[in-house]
Amino acid sequence: MMKPAIAFIAASALTLPAAALGANVEIATGGPVVELNVYESVNVAPDTATIGAGVTTEAPTATEALRQNSADMQKVIARIKALGVAEKDIQTTGINLNARYDYDQATQRQVFRGYMASNRVSVILRKIDDTGRVLDALVEAGANDINGPSFSIDDDTAAKDAARKRAVERAQAQATAYAAMLGYDGAKVLAISEGLTGNGPMPAMAEIRLSATKVDAAPVQPGMVQAGVNISITYELVKNNSSPAK
């Protein structure tokens, strides 16, 4: 768990940032001001996997390389759809055509070897238990450039709400503790802002690269992903009117 970042501001007219209130607003404070930055996250099981699948083709001419690549990629896309992946979950991420050269050590010159064409798509799988089977099927269909998977959750609203609740509770407890240590009765919220973090994998994206040869279904372990929030809360340390002067 990360410790909150803390800053104290002497009692004065406090200018709150636009991110907190939508405009710069000065608020007169009677006690010292504490600024806390708190990050909290929750771990959840992913329900979607994203993989990259593509075809790379080499040929003597640009036209031939692109034509062959397009034909091969059509087979891969058809196989993706046949596996039950919706059209909206398939997105082209790059089409490239480049001349290919090798360096000839004997002549110390670049030697033209032909052209290389590639086409890649990003595929969202909403049944992550099928990820290994899908990867295997894509290789069989002709895909020779595969990476991923990266795991996420389709709707992280509930997870972010849980992380937000933890963050607010921890910030409040910390502010109250500072109030007690400094002889104040409590802490009053003056401003709050929030930053969200993605539901990325833990600790890093899993990656699989397969050749164009027949392979068994790739073993895939989805693990857990994180959903988190980072909040900044500004508190004023206050004394109750009924409290004796100190």
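Start by selecting Leu66, Ile95 and Leu97, which make a nonpolar surface patch of about 250 Å². Such patches join nonpolar side chains within 5 Å, from residues with over 30% relative accessible area and no salt bridge. This is a predicted model, where local features need pLDDT of at least 70 and side-chain atom pairs count only at pLDDT 80 or more, while totals for chains, interfaces and linings use all residues. Residues are numbered from 1 along each chain as its sequence is written, and side-chain values use heavy atoms, with hydrogens and water left out.

Stay on Leu97 for a moment: you will find it in strand S6 (residues 90-104). Its relative accessibility is 37%, so Leu97 counts as partly exposed (buried is under 20%, exposed over 50%, partly exposed in between, with a 1.4 Å probe and protein chains only).

Next, select strand S8, residues 145-152. Six of its eight residues are buried, so S8 is largely enclosed by the rest of the structure.

Now color the largest nonpolar core, a set of 41 residues in which Val76, Ile80 and Leu138 have the most contacts. Its members are buried and joined through side-chain atoms within 4.5 Å. Elements supplying at least two residues each include S5, S8 and helix H2 (62-82), but S10 gives the most, with seven.

Finish in strand S10 (residues 225-238) at Glu236, which is buried at 7% relative accessible area. Its side chain reaches the backbone nitrogen of Gly31 at 3.1 Å.

Key. Patches are made of residues with over 30% relative accessible area and no salt bridge: like charges are joined within 9 Å, nonpolar side chains (Val, Leu, Ile, Met, Phe, Trp, Tyr) within 5 Å. Accessible areas come from the Shrake-Rupley method with a 1.4 Å probe; for residues, only the protein chains shown count as cover. A salt bridge is a side-chain nitrogen of Lys or Arg within 4 Å of a carboxyl oxygen of Asp or Glu. Helices (H or I, at least four residues) and strands (E, at least two) are DSSP runs, numbered from the N terminus. A polar contact is a pair of N or O atoms within 3.5 Å; within protein, one must be able to donate a hydrogen and the other to accept it, and residues adjacent in sequence count only if both atoms are side-chain atoms.
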